[in-house]
Amino acid sequence: MLKRGFCLFRANLFRNVTSKENLKMKSWQIHSYGDLSEMQLNSSRLPVIKSPKEVLVEVKAASVNPIDVLMLGGYGRTLFQMLRNFELEFPLTLGRDFSGTVIAKGHEVGNEISIGDEVYGFIPIHKQGCFAETVIAEKFHLLPKPKQLSHVESASLLYATMTAWSALFIFGNVFKQMKGLRILVMGASGGVGCSAVQLLKSQGCQVFATCSSDAVPLVQSLGANQVFDYKDPDFTKQVEQEGRYHIILDAAKIGYQNIPKSWQYETYITLNSPLLLNTDKHGFICGSASSVIDLLQANLLHKTGGSVKWAFFVPDRKGLRFINELINAGKIKPVVHKTFKFENLSDGIKAVSEGHLRGKVVIDFN
Ligand SMILES: NC(=O)c1ccc[n+]([C@@H]2O[C@H](COP(=O)([O-])OP(=O)(O)OC[C@H]3O[C@@H](n4cnc5c(N)ncnc54)[C@H](OP(=O)(O)O)[C@@H]3O)[C@@H](O)[C@H]2O)c1
């Protein structure tokens, strides 16, 4: 029975992808870690659905995230290889969020997703990514593309917004009473920051934000109650004078050690924990242990303001649905810094590595 189901599913797959010449596609791959010169645009085999809950998507747009730049350099390889069950690491395709069209689906995907549907979604960190003409995604990590948005706009939203949601809702534990919370978003002009400001505003929080002078109008337009220009000589004082913050969300890699002692806050959340660097450097066991010590030290020895927490992107279905509703209601809007053509993906990665982004860099496959 199982075998018959699988055969039917394979037949379905091939019937639906016959338009793809010889079941080949173009994909950006790396064969070892390093710099941009490792990025190769290759002709590779179309990925095959291996689980009945998977979907094959023709990618129309994908965003570039800082994690792509970091992974290119080998960041996180120890932990990611464990998540991959030590399967073959290379060739590796990067790319975490996308928008596109469903071209095949496994037999347990159900009626919620049909072939031909336009969807947007994300790929967990240890899976082959979406810098390729097609990608395999789990049905739980996809939703219909917002009708009011283009593929480029849709592709810009999920990884950054899910990261902001994970940091605040899961690690910040703000599930219950959000209304009136005073939250300072540092790095509000970047991908995660733009999403965090809009997400928090939609929940009735009082949002304070930091960014560079030129980005102040953008961050104000996203609804922040107060925007602090970190280039202003009085910046530290201005942030301090606003009083106590329930949460400081650090989306600018500032580090708790660099938060002025005069600032008052209950919880500081960073998106840049030392965990992956430590496990790469010292192996899983020693690296994890030294990270726990780092966190304990941050909370006990060097404690200046409130508690220190680490946050990570979590591929949570509930979070995805929650964010999707806000996006469809127009409460979280895309902010696209720049688009690049698929053939010029390396330029997009270079742009992200150079920083100073105002929203997201997106790769347009058309
Ligand atoms: N842990 C996870 O799972 C996870 C997931 C996603 C992202 N992240 C991390 O979270 C961080 C943010 O990600 P992102 O995608 O938003 O990056 P991004 O798009 O590069 O945004 C960073 C923003 O911070 C601004 N900035 C730099 N220095 C600043 C400062 N001192 N004060 C205020 N703003 C400053 C930058 O602009 P200017 O330099 O022009 O000011 C830029 O707009 C990255 O470090 C990324 O690696 C972690």
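Me: Where is Lys253 placed, in terms of the strands around it?

Reply: Lys253 sits in the loop between strand S11 (244-250) and strand S12 (264-270). Bear in mind that this is a predicted model.

Me: What makes Lys253 count as partly exposed?

Reply: Lys253 has 14 C-beta neighbours inside 10 Å. Buried needs 20 or more and exposed needs 12 or fewer, so with its 14 Lys253 counts as partly exposed. Its backbone deserves a look too: phi is positive, about 55°, although Lys253 is not a glycine.

Me: And why is Asn173 called exposed?

Reply: Asn173 has 11 C-beta neighbours inside 10 Å. The limit for exposed is 12 or fewer, so Asn173 counts as exposed. You'll find Asn173 in the loop between H5 and strand S8 (182-186), and its phi is near 55°, again a positive value in a residue other than glycine.

Me: How do you know that Lys127 counts as buried?

Reply: Lys127 has 20 C-beta neighbours inside 10 Å, and buried means 20 or more, so Lys127 counts as buried. Lys127 belongs to the loop between strand S5 (118-122) and strand S6 (134-138).

Me: What makes H6 mostly covered?

Reply: Of the 12 residues of H6, 10 are buried. Among them are Gly191, Val192, Cys194, Ala196, Val197 and Leu200.

Me: How does the reach of H6 compare with what is expected?

Reply: From first C-alpha to last, H6 reaches 17 Å, close to the 16 Å expected for its 12 residues at 1.5 Å a residue. Just after H6, Gly204 takes a positive phi of about 80°.

Me: Which element gives the most to the shell around the ligand?

Reply: That's H6, with three residues. Helix H2 (66-72), helix H5 (158-171) and strand S9 (206-211) are also among the elements that each supply at least two. The ligand is surrounded by 27 residues, and Gly187, Gly190, Gly191, Val192 and Leu271 are the closest. By type, the shell has 14 nonpolar residues, 12 polar and one charged.

Me: Why do you say the ligand lies between domain 1 and domain 2?

Reply: Because domain 1 (2-157 + 334-364) and domain 2 (160-310) both give residues to the shell around the ligand. The centres of the two domains, taken over C-alpha atoms, are 29 Å apart, and 14 residues of domain 1 are in contact with 15 residues of domain 2. On the domain 1 side, helix H3 (residues 77-83) gives the most, with four residues. That side divides into seven nonpolar, four polar and three charged residues.

Me: Which residues of the largest nonpolar core touch the most other members?

Reply: Ile183, Val185, Ala196, Val197, Ala209, Val219 and Leu249, out of 101 residues in that core. H5 supplies the largest share, nine residues. This core also lies between domain 1 and domain 2, because both give residues to it.

Me: What is Val219 in contact with, leaving aside neighbours within four places in sequence?

Reply: Val219 is in contact with Ala188, Ser189, Val197, Ala209, Cys211, Ala224 and Val227.

How values were computed
Residues numbered from 1 in each chain as written. Predicted model: local features only at pLDDT ≥ 70, side-chain atom pairs only at ≥ 80, totals over all residues. Near = placed C-beta within 6 Å. Nonpolar A, V, L, I, M, F, W, Y, C, P; charged D, E, K, R; others polar. Domains from an automatic or database assignment. Core = buried A, V, L, I, M, F, W, Y, C linked by C-beta atoms within 7 Å. Contact = placed C-beta atoms within 7 Å. Expected span 1.5 Å × (residues − 1).
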